[in-house]
Amino acid sequence: MARAAVRVRRVYDPPEPGADGVRVLVDRLWPRGLAKADAAVDEWPKAVTPSAELRKEYHAGGVSAEEFRERYEAELAQPGPAAELDRLRALAERGPLTLLTAVREPDSSHAAVLADLLAP
């Protein structure tokens with residue numbers, strides 16, 4: 001069976017019920033100023049978020065996008081995150097999956113790395 005689309009969107013954007021499928025928040029912290037009811041988040045697997053150290057280094061400009069990706073993928077290869085990633089893959093195989101993040105540029109964030117790893 002072919003995998004359904006894996007999308008990356010900002011959690012602050014309104015839900016798109018016909019297209020979003022399962023909505024998964026992939027940030028370690030809950031987004032500021034957003035009520036949980038408004039977010040319409042179905043899952044919040046913190047195990048697949050980058051470590052606080054890596055996230056801070058990347059946002060401060062201390063590591064390149066390439067180095068961030070390599071280190072993040074290494075974190076995701078650890079047993080706990082790898083199991084959670086496998087579970088998300090299974091969700092993606094059943095239907096649309098939307099990865100949600102609060103970052104301003106989701107396409108250059110950890111969510112995009114996750115989407116690449118979950119894509120067919």
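Tutor: Start with one scale. A residue is buried under 20% relative accessible area, exposed over 50%, and partly exposed in between. Note also that this model is predicted.

Student: How does Glu73 count on that scale, buried or exposed or partly exposed?

Tutor: Glu73 has 30% relative accessibility, so Glu73 counts as partly exposed. Arg69 is partly exposed too, because its relative accessible area is 28%.

Student: Which residue forms a salt bridge with Glu73?

Tutor: First the general idea. Side chains of opposite charge can pair when their charged atoms come close. Here the partner is Arg69, with the closest N and O atoms 3.1 Å apart.

Student: Where do Glu73 and Arg69 lie?

Tutor: Both sit in helix α4, residues 65-76. They are four residues apart, about one turn of the helix.

Student: How many salt bridges does the structure hold?

Tutor: The count is 13. Another one joins the side chains of Arg87 and Glu84, at 2.6 Å from N to O.

Student: How many residues apart are Arg87 and Glu84 in helix α5?

Tutor: They are three residues apart in helix α5, residues 79-94, so about one helical turn separates them. Now use the scale. Arg87 counts as partly exposed because its relative accessibility is 32%. Glu84 has a relative accessible area of 17%, so Glu84 is buried.

Student: Which pair links distant parts of the chain?

Tutor: Look at Arg7 and Asp20. Their side chains meet in a salt bridge, 2.6 Å from N to O. The pair links distant parts of the chain. Arg7 is in strand β1, residues 6-10, and Asp20 is in helix α1, residues 17-20. They are 13 residues apart.

Student: Is Asp20 buried or exposed?

Tutor: Asp20 counts as buried, because its relative accessibility is 1%. Arg7 reaches 23%, so Arg7 counts as partly exposed.

Student: Which residues are linked with Arg7 and Asp20 in a network of salt bridges?

Tutor: The network also takes in Arg9, Glu16 and Arg23.

Student: What does Val63 touch, not counting residues up to four places away in sequence?

Tutor: With those set aside, Val63 touches Glu57, Tyr58, Phe68 and Arg71.

Student: How many residues apart in sequence are Val63 and Ala111?

Tutor: They are 48 residues apart in sequence. In space, the distance is 17 Å, C-alpha to C-alpha.

Key: Residues are numbered from 1 along each chain as its sequence is written. This is a predicted model: local features need pLDDT of at least 70, side-chain atom pairs count only at pLDDT 80 or more; totals for chains, interfaces and linings use all residues. Side-chain values use heavy atoms; hydrogens and water are left out. A salt bridge is a side-chain nitrogen of Lys or Arg within 4 Å of a carboxyl oxygen of Asp or Glu. Helices (H or I, at least four residues) and strands (E, at least two) are DSSP runs, numbered from the N terminus. Buried means under 20% relative accessible area, exposed over 50%, partly exposed in between (1.4 Å probe, protein chains only). Contact means heavy atoms within 4.5 Å.
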